[in-house]
Amino acid sequence: MSTAGSPDDELPGEGIPGGGVYEWYRRGLDLLASGDPAAAATLLGRAAEAEPGSRSILEALARAQYDAGRYADAIDSFAQLAAGNPTDDYAHFGLGLAASRAGDLGLAAEHLALAVAMRPDLAHYARALRGVRARRASQRGSA
């Protein structure tokens, strides 16, 4: 049973969860952590519409979109993060992963290379870049 004003409540006739933007954000993170990225992306999308300047909400939304397999949306969200802060290695990494999943290996390699240049100490960044470069080479070889 929900209490009045909890994030699980909806405003009458609007299909919008009750509570404020922070509650939507927290509930979205909980949904993402519990393995429901599609629901998290929906809720975090509402939060991002209400607070378009929030990098925390946008990053969580991008992660949820990626995990839900909405790669084009994740590319857009990670690109907004990277545009707002070009030195955000995680935004470039996420953009590169989403582009890779979407099949845009050129975009993926570009942003993964930026992430690796910013954080050469993170082995998973370098592994992702090597994987994309190998896929590109394989595609070129079979063309």
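I start from the convention for handedness: a crossing is left-handed if the near helix is turned anticlockwise from the far one by less than a right angle, and right-handed if clockwise. With that in hand, I looked up H4 and H5, and their crossing is left-handed.

Before going on, I note that this is a predicted model, in which local features need pLDDT of at least 70 and side-chain atom pairs count only at pLDDT 80 or more, while totals for chains, interfaces and linings use all residues. Residues are numbered from 1 along each chain as its sequence is written, and side-chain values use heavy atoms, with hydrogens and water left out.

**Entry: the chain.** I find seven helices and zero strands in the protein chain, where helices (H or I, at least four residues) and strands (E, at least two) are DSSP runs numbered from the N terminus. Buried residues (under 20% relative accessible area with a 1.4 Å probe, protein chains only; exposed is over 50%, partly exposed in between) make up 39% of the 143 residues. Taking contact as heavy atoms within 4.5 Å, I note that, among contacts between residues at least 6 apart in sequence, 39% join residues at least 24 apart.

**Entry: H4 against H5.** The axes of H4 (residues 71-84) and H5 come within 8 Å and cross at roughly 155°; axes are lines fitted to C-alpha atoms, for helices over the stretch in contact, and angles run from 0 to 180 degrees between N-to-C directions. H4 and H5 are therefore roughly antiparallel to each other, a term for angles over 145 degrees. In the contact list, residues of H4 including Tyr 71, Ile 75, Phe 78 and Leu 81 meet residues of H5 that include Tyr 90, His 92, Leu 95 and Arg 101.

**Entry: H7.** I took H7 (residues 123-142) next, which has 20 residues and reaches 29 Å from its first C-alpha to its last, close to the 28 Å expected at 1.5 Å a residue, the expected span being 1.5 Å times one less than the number of residues. Which residues of H7 are buried? They are Tyr 125, Ala 126, Ala 128, Leu 129 and Val 132. They cover an arc of only 160° around the axis, which puts them on the same side of H7, the arc being that of the directions from the helix axis to the C-beta atoms. On the other side of H7, Arg 127, Arg 130, Gly 141 and Ser 142 are exposed. What covers the buried residues of H7 includes H5 (89-102) and H6 (105-118).

**Entry: Asp 30.** I place Asp 30 in H1 (residues 21-33), and at 41% relative accessibility Asp 30 counts as partly exposed.

Notes:
Parallel < 35°, antiparallel > 145°, perpendicular 65-115°, else oblique.
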